[in-house]
Amino acid sequence: METLTLKSPFDMHLHLRDGEMLENIIKYTAQNFASALVMPNLELPIVSVDLAVAYKQRILEACKKQGIEDFMPLMSLYLTPSLTEVELRKAKELGIFILKLYPKGATTGSQSGVKEVLDSKILEILGIAESLGMVLSIHGESNGFVMEREVEFHPVFEVLGKSFPKLRIIFEHLSDYRSVALVEKYENLFATLTLHHMLLSLDSVAGGMLNPHYFCKPILKTKKDQEALLQVALSGHSKFSFGSDSAPHLRNAKEQKGAAGIFSAPILLPLLVQTFESNRALEKLETFISYNASKIYQLPLSKKNVRLCKKPMIIPQECYGVVPMLAGETLEWSVA
Ligand code: DOR
Ligand code: ZN
């Protein structure tokens with residue numbers, strides 16, 4: 001049977017939640033990736049180093065319970081105006097070097113986010129982060145019209161890109177083709193790409209019967225956006241790394257309350273391989289999911305290799321009460 005081995009795959013944007021949900025879903029990522037950048041937007045957001053360290057411990061314990069010992073969670077710190085230089089130094093010393101900035105109200109768990117990104121207090125924190133060699137990840141959306149939010153946020157990236165030339169800034173989950181040129185414009189600007197933004201459009205949400213399982217932030221956009229983002233990923237462009245933004249919500253929260261988030265963790269590697277193979281770009285896949293992240297975030301490649309085989313994977317209708325992306329469909333590859 002045809003097989004394929006991927007070296008040190010990284011998922012640079014992942015929601016693992018906490019408690020029972022964490023325990024149930026951790027295996028989907030921990031078995032298949034060497035490392036993942038864990039988002040801090042819990043119900044009690046990870047706004048301090050102590051909280052991040054304790055959360056990392058819970059993640060590692062959940063891995064251990066599943067018999068997984070070779071997965072490294074990379075922790076991020078939720079950026080609030082109360083972060084101090086002492087706290088940032090402590091973070092850096094403990095290997096926590098990624099700050100996540102949520103504009104207040106932009107998405108799930110952003111209530112503690114930043115009201116005004118270009119406020120002097122925030123700029124002061126970013127100056128310290130720059131001097132410490134940290135990375136700033138941003139959910140880049142305004143509070144304007146839903147389809148234009150990402151582009152409306154561009155001026156903020158322009159200011160930050162110019163003001164902090166040594167700060168590595170990540171434009172998270174790019175969803176709009178117009179953002180690609182912006183990322184290319186500044187040497188210190190990079191981006192993550194999700195599979196759902198490169199494979200789906202707004203049609204998946206609202207083109208037929210309303211499908212809340214494909215509702216996410218930033219919202220899926222046009223076919224033109226989707227195709228442009230796919231081409232960027234397939235090219236192995238050095239400024240773009242893979243970040244799934246896999247974000248589980250229980251079925252009820254999606255169907256009754258309209259929670260934003262797509263749960264893609266169970267299908268990521270098979271779908272990545274299928275996507276790159278069918279576009280004759282398989283030789284660029286490791287660049288996209290391993291080497292680019294290693295360079296952008298200055299992460300050593302892990303010794304962990306993940307093997308896939310060309311055997312159909314039937315995607316379940318539900319995983320622990322969460323409906324996964326492409327539920328019920330069949331993929332050409334499975335993790336061996
Ligand atoms: O769709 C989303 N869901 N986008 C985000 O930015 C957050 C995420 C979540 O935490 O559910
Ligand atoms: Zn996210």
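The structure is a predicted model, in which local features need pLDDT of at least 70 and side-chain atom pairs count only at pLDDT 80 or more, while totals for chains, interfaces and linings use all residues. Residues are numbered from 1 along each chain as its sequence is written, chains are lettered from A and ligands numbered from 1 in the order in which they are written, and side-chain values use heavy atoms, with hydrogens and water left out. UniProt, in an unreviewed entry, assigns residues 11-299 to the domain "Amidohydrolase-related"; UniProt positions are given in the numbering used here, feature names are shortened, and annotations may be inferred rather than shown by experiment. That span is 42% helix and 12% strand, and its end C-alpha atoms lie 12 Å apart; helices (H or I, at least four residues) and strands (E, at least two) are DSSP runs, numbered from the N terminus.

**Zinc site and Asp 245**

- The zinc ion (ligand 2) has His 13 (NE2), His 15 (NE2) and Asp 245 (OD) as its protein donors, at 2.0 to 2.1 Å, where donors are N, O and S atoms within 2.8 Å of the metal (3.2 Å for Na, K and Ca) and sites may look incomplete, since water is not among the atoms.
- Asp 245, which the unreviewed UniProt entry lists under "active site", counts as buried because its relative accessibility is 7%; buried means under 20% relative accessible area, exposed over 50% and partly exposed in between, with a 1.4 Å probe and protein chains only.
- The side chains of Asp 245 and His 15 are joined by a polar contact of 2.8 Å, a polar contact being a pair of N or O atoms within 3.5 Å, of which, within protein, one must be able to donate a hydrogen and the other to accept it, and residues adjacent in sequence count only if both atoms are side-chain atoms.
- Beyond its neighbours within four places in sequence, Asp 245 is in contact with His 13, His 15, His 173, Thr 194, His 196, Lys 217 and Ile 262, contact meaning heavy atoms within 4.5 Å.

**Lys 100**

- The unreviewed UniProt entry lists Lys 100 as "modified residue: N6-carboxylysine", and in the model Lys 100 is found in strand β5 (residues 98-101).
- Lys 100 is buried because its relative accessible area is 1%, and among the residues it touches, not counting those up to four places away in sequence, are His 13, Tyr 78, His 139 and Glu 172.

**Ligand 1**

- Ligand 1 has 13 residues around it, of which Arg 17, Asn 41, Thr 107, Lys 217 and His 249 come nearest; a residue is near a molecule if one of its heavy atoms lies within 4 Å of it.
- An oxygen atom of ligand 1 is 2.8 Å from a side-chain N or O atom of Arg 17, and the corresponding distances are 2.9 Å for Asn 41 and 2.8 Å for His 249.

**Nonpolar cores**

- The largest nonpolar core has 97 residues, with Ile 59 and Leu 136 having the most contacts inside it; a nonpolar core is a set of buried Ala, Val, Leu, Ile, Met, Phe, Trp, Tyr and Cys residues joined through side-chain atoms within 4.5 Å.
- A second, separate core of 16 residues includes Ile 98, Ile 170, Tyr 297 and Leu 299.

**Local backbone features**

- A cis peptide bond, with omega about -10°, joins Lys 217 and Pro 218, and Pro 218 is found in the loop between α9 and α10.
- Ser 8, in the loop between β1 (3-7) and β2, has a positive phi near 45° although it is a residue other than glycine, and Ser 8 is buried, with a relative accessible area of 1%.
- Leu 326, in the loop between β11 (313-314) and β12 (330-331), is not a glycine but has a positive phi of about 60°, and Leu 326 is buried at 13% relative accessible area.
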